[in-house]
Amino acid sequence: MTLLNGLFIGVLDNTDVNGQPSKIGGIIPIQNGITGEWLVHLKVLNSNNKKYVDKEVNMFLSESQSYGFSLPTDLSNLEKQRFGESLSHWIFIFNIERDVWRDGKEKLTAQNVERIVHNTDFSESDMYELIPVIHEYPLVKDASDLNDILVSGKALEGPSDKVLGKDLDAISSFLIFESQLQREKGVDRFYEFLNPFEISAHYIKYEIPIGNNPIVVFNWNNEAWNEGIYRSERNPDVLFVPVRYLAEGKLSEKLTKASVDSLSQNTERKEKIEDMDKQIIERFFNTIESKKYNLTFDKMDLLNFHTSIKTNNLTILAGLSGTGKSKIITAYADALGLIDKGGENNQFNMISVRPFWQDDSDLLGYVDTLSSNYHPGDSGLVDTLISASKNPDKMYIVVLDEMNLARVEHYFSQFLSVLEMDSGDRFIRLYNENLAPRLYNSQTYEPKIQITSNVRFVGTMNIDETTYQMSDKLLDRANIIELKMVPFNQRLSGNDGVKPKELSEISYSSYSEAIENKESFSQRELNFFWDLNVTINNVLPMVGLGWRNLNSIEQFLSNIPSYVGFDRKVALDYQVAQRVFPKVRGAEDALNELLFPDKEDINKESLFELLDQYKDLSSFDISKEALDKKKAELKVDGFVS
């Protein structure tokens, strides 16, 4: 049995077995007399969770659990009719417990039932929208604070996913704000046209309003709606509002526009993004060159790495051992202020991958049935993810050092599937939910944990005989970055320009201010990617570009930092080299056609020739260099790995 996420509202379903309305329909005795139980069918009225509207939900009534009703003393139709009439005057708020019988049929049972007498404006045809209610808390004292959070896309402390549900499409686009301080100023606020994009047990986030999609704000006083709305006593952070109150044109009849009638991003948005991006980049450069790290890297590579972390859930640094892959990630975390000097937090978790790891239990942990406890893995990853979900305004970086010492697709399999989902749907299963009641620490380590949007994964890979080859599944989901070697005579001496210990922590909400929404490809760029896909696919039928690759590249290109020398042409070159060409591999017979021009057959085109055809988009110097390395490897080994 599973308790479904989400709160439901309903009424007596007074239809008989033939589907006809009846005063005693939906009321079924289980045993004779008052000592027995009565089964009552409820009709779900949630407008924004239609999955269960047509489902039969059972409410069991007995002497010990009657929810305040007088149960019939016999089975006569008169007693049942009186019982049905008493039930029909109430509306019910409840949770749903789902069970699947052996024959595969689904059984839904109402739990934690609350009954509320019909309001004066009750209509049997009403459906109800479940609307989140935000109450005053330290970070949100009035509507001005809430407006700032909605405009910046920060996390908002509100109803949990257990009340609203985990399906973002089913969460209301309306929001109500109630606070004592706001009420003293006048009235509360009612928000329309919100777009939820993440929900957890601790907070909810809405997409940043931009351009022609503003959030409309009304003054709101719940006394004007008292005749129709319902509130749960157990869950005061939500209201059930009749859909007819929310219909287009109807809101203005009950509500008045607030003095600020809409919230949307203004022309300062781009400048704000650029300022935060510039601040992060300068801190990163200074940290890299400080005496603590004393590293020398090409600045274009550093910008590429930073942009990849911003826009991708998984970034991989690949190359020879000793080139500074782990150190550059540590320096980046240090530049963000994530490395705790006292060793008390886990915002930066460097995990050393072990060669013997076979499945995700080696990384995440396991259930010990003898002690009835869940034992998290030594990696500390589970605690990091739990901490991230509880602290949505903190940034977290998880590093899998030498991640291909074991097969990534085995120990990281859940993550590879989950990371491509929307942030609100990214859950990792630690163990079967049925085991939770038996475990002493199931409250600390729940069966599933969420990977929230404030977590970034970074891997390092050495390419040698001791490691495993990357699979296409992994290549599809990551930016594979190979850092250029800077000539030894250009080595920089560490300076004291900025000492990492002096850097304050950059919050996730501040970091996310540097992340821009997607912009569209030009038609020329789309033609290029299609031709690139066809050229590769003609030689390697199971290889090419998918929508996942294309969307990731688009997100990368829309977040190019404002830095001299790193423009769209350079960024496009990096993306082709690190998202497309790593999949070009195989034996000599297959790759000759892609890597070596065939002058005798004008119908065959190498990748070099294709890049030259689109030189107006980029010089593709980095991509050509990557292909040259493959040509050299092909000549020496007869294959490209």
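Buried, in this talk, means under 20% relative accessible area, exposed means over 50%, and partly exposed lies in between, with a 1.4 Å probe and protein chains only. By that rule S623 is buried, because its relative accessibility is 0%.

Some ground rules. This is a predicted model, where local features need pLDDT of at least 70, side-chain atom pairs count only at pLDDT 80 or more, and totals for chains, interfaces and linings use all residues. Residues are numbered from 1 along each chain as its sequence is written, and side-chain values use heavy atoms, with hydrogens and water left out.

The overall picture. The chain has 641 residues, and 52% of them count as buried. Its C-alpha atoms fill a box of roughly 95 × 60 × 60 Å along the principal axes. There are 21 helices and 27 strands. Those are DSSP runs numbered from the N terminus: H or I of at least four residues for helices, E of at least two for strands. Take contacts, meaning heavy atoms within 4.5 Å. Among those with a separation of 6 or more, 74% join residues 24 or more positions apart.

Back to S623. It sits in helix α21, residues 621–637. Leaving out residues up to four places away in sequence, S623 touches D573, V576, A577, F581 and L611.

Next, A155. This one is in the loop between α2 (143–152) and α3 (161–164). Buried or partly exposed? A155 is buried, because its relative accessible area is 18%. Beyond four places in sequence, its contacts are Y137, I149, Y203, I204, K205 and P392.

Helix α9 covers residues 325–335, and nine of its 11 residues are buried. Among them are I328, I329, Y332 and D334. Just after α9, G337 takes a positive phi of about 75 degrees.

Now charge pairs. Side chains of opposite charge can pair when their charged atoms come close. For a salt bridge, the cut-off is a side-chain nitrogen of Lys or Arg within 4 Å of a carboxyl oxygen of Asp or Glu. How many salt bridges does the structure hold? The count is 22.

First up, K55 and E106, with closest N and O atoms 3.7 Å apart. This pair links distant parts of the chain: K55 is in the loop between β4 (38–44) and β5 (57–61), and E106 is in strand β7 (residues 106–117), 51 residues apart. K55 is partly exposed at 36%, and E106 is partly exposed at 32%.

Then E114 with R234, at 3.8 Å between the closest N and O atoms. Here too distant parts are linked: E114 is in strand β7, while R234 is in the loop between β14 (230–231) and β15 (238–242), 120 residues apart. E114 is buried, at 10% relative accessible area.

Last, R568 and E525, where the closest N and O atoms are 2.8 Å apart. R568 is in helix α18 (residues 568–580) and E525 in helix α16, 43 residues apart. R568 is partly exposed at 25%. E525 is buried at 6%. Elsewhere, salt bridges with shared partners join E420, D476, R477, R548 and K583 into one network.

One more serine before I stop. S522 lies in the loop between α15 (508–512) and α16 (523–539). Why does S522 count as partly exposed? Because its relative accessibility is 33%. From S522 to R354, 168 residues apart along the chain, the C-alpha separation is 44 Å.
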